Amino acid sequence: MLRNHRESQCAPERALASGVDSMAKILLVEDENVTNMVIQDRVEEMGHAVCGTAATGQEAIEQARAKQPDVVIMDITLKGKMDGIEAARQIREQFGIPVIYLTAYDDEETRKRAGATNPIAYLVKVFDDVDLQFAIEKALRKGKERPLGEAQKLADNSPDTHSCQHVSDDTVRATTVAETQR
């Protein structure tokens with residue numbers, strides 16, 4: 001069952017408890033249908049609107065252009081030739097939209113590649129809703145940023161960028177990207 005009928009909900013109207021003025025319009029990039037539906041339900045339960053979905057990197061770029069979301073939640077392994085890291089790089093470079101990685105990959109090489117795109121967060125599946133909500137709120141506070149080319153000149157290696165590191169079957173621990181790259 002596809003959830004495209006919900007994509008019309010791109011004008012969230014409630015304010016977040018944390019004081020952020022509006023809910024996020026989220027582009028969800030995930031190639032596994034069941035995982036996509038679970039994440040979409042969780043994001044919508046938080047009060048955000050999923051304004052588009054994509055299963056490939058190219059679709060993600062097209063959806064980012066068409067929908068102009070506030071945040072992109074990006075899986076790393078996608079269908080097609082382009083992975084989520086390359087798609088995120090292009091989305092940040094072209095549109096300046098903040099990206100949250102939500103992936104099963106937690107190896108050092110993948111984290112380094114992803115870190116080069118200056119994500120808001122790097123969350124490892126299985127993730128905690130609190131960590132995802134925190135990352136979305138941080139993205140909303142930062143707002144739409146300058147395209148990566150301009151931001152890169154400023155060397156935005158913010159040490160407060162959060163990620164999640166899988167500690168046990170039931171626990172995730174939020175860490176900073178700087179901590180994970182040591």
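Student: In which element is A114 placed?

Tutor: A114 is in helix 4, where a helix is a DSSP run of H or I of at least four residues, a strand is a DSSP run of E of at least two, and both are numbered from the N terminus. This is a predicted model, in which local features need pLDDT of at least 70 and side-chain atom pairs count only at pLDDT 80 or more, while totals for chains, interfaces and linings use all residues. Residues are numbered from 1 along each chain as its sequence is written, and side-chain values use heavy atoms, with hydrogens and water left out.

Student: How do you know whether A114 is buried or exposed?

Tutor: Buried means under 20% relative accessible area, exposed means over 50%, and partly exposed lies in between, with a 1.4 Å probe and protein chains only. The relative accessible area of A114 is 0%, so A114 is buried.

Student: Which residues does A114 touch, not counting residues up to four places away in sequence?

Tutor: A114 touches I85, Y101, P119 and Y122, where a contact means heavy atoms within 4.5 Å. As for I76, which is 38 residues from A114 along the chain, the two C-alpha atoms are separated by 8.6 Å.

Student: What does Y101 touch, with the residues up to four places away in sequence left out?

Tutor: The residues that Y101 touches include M74, I76, I85, A88, A114, P119 and L123.

Student: What makes a group of residues a nonpolar core, and which residues have the most contacts inside the largest one?

Tutor: A nonpolar core is a set of buried Ala, Val, Leu, Ile, Met, Phe, Trp, Tyr and Cys residues joined through side-chain atoms within 4.5 Å. The largest such core has 22 residues, and V29, V72, M74, I91 and Y101 are those with the most contacts inside it. At least two residues of this core come from each of strand 1 (25-29), helix 2, strand 3, helix 3, strand 4 (99-103) and strand 5, and helix 3 gives the largest share, five residues. A second, separate core has 20 residues, among them I39, I120, A121 and L132.

Student: What makes D128 a cap of helix 5?

Tutor: A polar contact is a pair of N or O atoms within 3.5 Å; within protein, one must be able to donate a hydrogen and the other to accept it, and residues adjacent in sequence count only if both atoms are side-chain atoms. A side-chain oxygen of D128 lies 2.8 Å from the backbone nitrogen of V130, at the N-terminal end of helix 5. At the start of helix 3, a side-chain oxygen of D83 comes to within 3.2 Å of the backbone nitrogen of I85.

Student: Which residue follows helix 3, and which follows helix 5?

Tutor: Helix 3 is followed by G96, with a positive phi near 70°, and helix 5 is followed by G143, whose phi is also positive, near 70°.

Student: Why is Q68 called partly exposed, and why does N118 count as buried?

Tutor: Q68 has a relative accessible area of 30%, so this residue is partly exposed, whereas N118, at 12% relative accessibility, counts as buried. Q68 is in the loop between helix 2 (57-67) and strand 3 (71-74), and N118 is in the loop between helix 4 (108-115) and strand 5. Neither is a glycine, yet phi is positive in Q68, near 45°, and in N118, about 55°.

Student: What makes the peptide bond from K125 to V126 cis?

Tutor: The omega of that bond is near 0°, and V126 is in the loop between strand 5 (121-124) and helix 5 (129-142).

Student: What is the mean pLDDT of the protein chain?

Tutor: The mean pLDDT, which is the predictor's confidence in each residue from 0 to 100, is 77 for the protein chain, and 66% of its residues reach 70 or more. Over residues 1-21 the pLDDT is below 50, although this stretch has 42 contacts in the model beyond near neighbours in sequence. Residues 148-182 also have pLDDT below 50, with 64 contacts beyond near neighbours in sequence.
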